[in-house]
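Hi there,

Here is the structure I promised to pass on.

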Amino acid sequence: MNMRLMRVALTLGVIAAIVPALFLVAPTAEAQAVTPQLLAQYLGRMSVTWKLDDKDPDVFRITKTTGLKKAEYIEIVITNIPDKDLVTLRAFPKTGGKFLSLAAVRDQTGLMRAMLKNNSTAFGAYILDASGDIGFRYVFTTESGLGYEAFKVAVTELLRIADEVMVPLYTTYR
């Protein structure tokens with residue numbers, strides 16, 4: 001009789017532990033794959049001027065020439081990297097007819113220090129591309145998909161930062 005009571009108590013204990021745990025497990029939703037078509041759809045909804053790269057269907061270029069406060073022109077390069085579950089956004093402003101170039105700055109060390117200092121609290125990060133142009137980057141991890149609102153906010157913020165923050169910072173050290 002004691003053994004039977006112990007089995008019942010053990011069974012009830014296991015049930016008491018498992019049943020609440022079943023309610024805590026959320027059903028997994030299938031994430032929408034980030035494809036060039038999805039990014040094109042998002043860009044179309046945003047009403048920005050963009051084009052697909054001639055050589056790589058995973059690269060898009062947004063150009064902005066109007067409504068800018070400090071820059072003459074801003075290009076955002078959006079790269080979908082599906083094998084790494086990443087989408088990168090890189091903004092490059094132009095002023096004086098040229099992209100911001102580290103080589104054109106008198107106080108390169110001062111500018112690099114300022115950019116590194118700003119990186120610690122920035123929305124994204126300052127970058128230097130292979131040709132020495134200064135840009136600003138934001139990266140999405142996409143293993144859980146990429147929502148339109150998050151994408152729109154990132155693009156909008158990169159345009160603002162490239163125009164209102166990067167150009168004045170660059171000019172300070174030029």
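Below is what turned up, starting with the ground rules.

This is a predicted model, so local features need pLDDT of at least 70 and side-chain atom pairs count only at pLDDT 80 or more, while totals for chains, interfaces and linings use all residues. Residues are numbered from 1 along each chain as its sequence is written, and side-chain values use heavy atoms, with hydrogens and water left out.

The largest pocket holds about 220 Å³ of space. (On a 1 Å grid over the protein atoms alone, a pocket is an open set of points where a 1.4 Å probe fits, with protein on both sides within 12 Å along at least five of seven lines; lining residues have an atom within 4 Å of a point.) Of its 15 lining residues, Val 48, Lys 64, Thr 66, Leu 68 and Leu 159 are the closest to the centre. The lining comprises 4 nonpolar, 7 polar and 4 charged residues, with Gly counted as polar. (Helices are DSSP runs of H or I, at least four residues; strands are runs of E, at least two.)

Helix 4 also bends by about 35 degrees at Ala 162, the angle between axes fitted to the seven residues ending there and the seven starting there.

Lastly, Ser 101 sits in the loop between strand 5 (98–99) and helix 3 (108–119). Ser 101 counts as buried because its relative accessibility is 18%, the cut-off being under 20% with a 1.4 Å probe and protein chains only.

Best wishes

Technical notes: Grid points are joined across faces, edges and corners, and a volume is the space filled by probe spheres set on the points. Buried means under 20% relative accessible area, exposed over 50%, partly exposed in between (1.4 Å probe, protein chains only).
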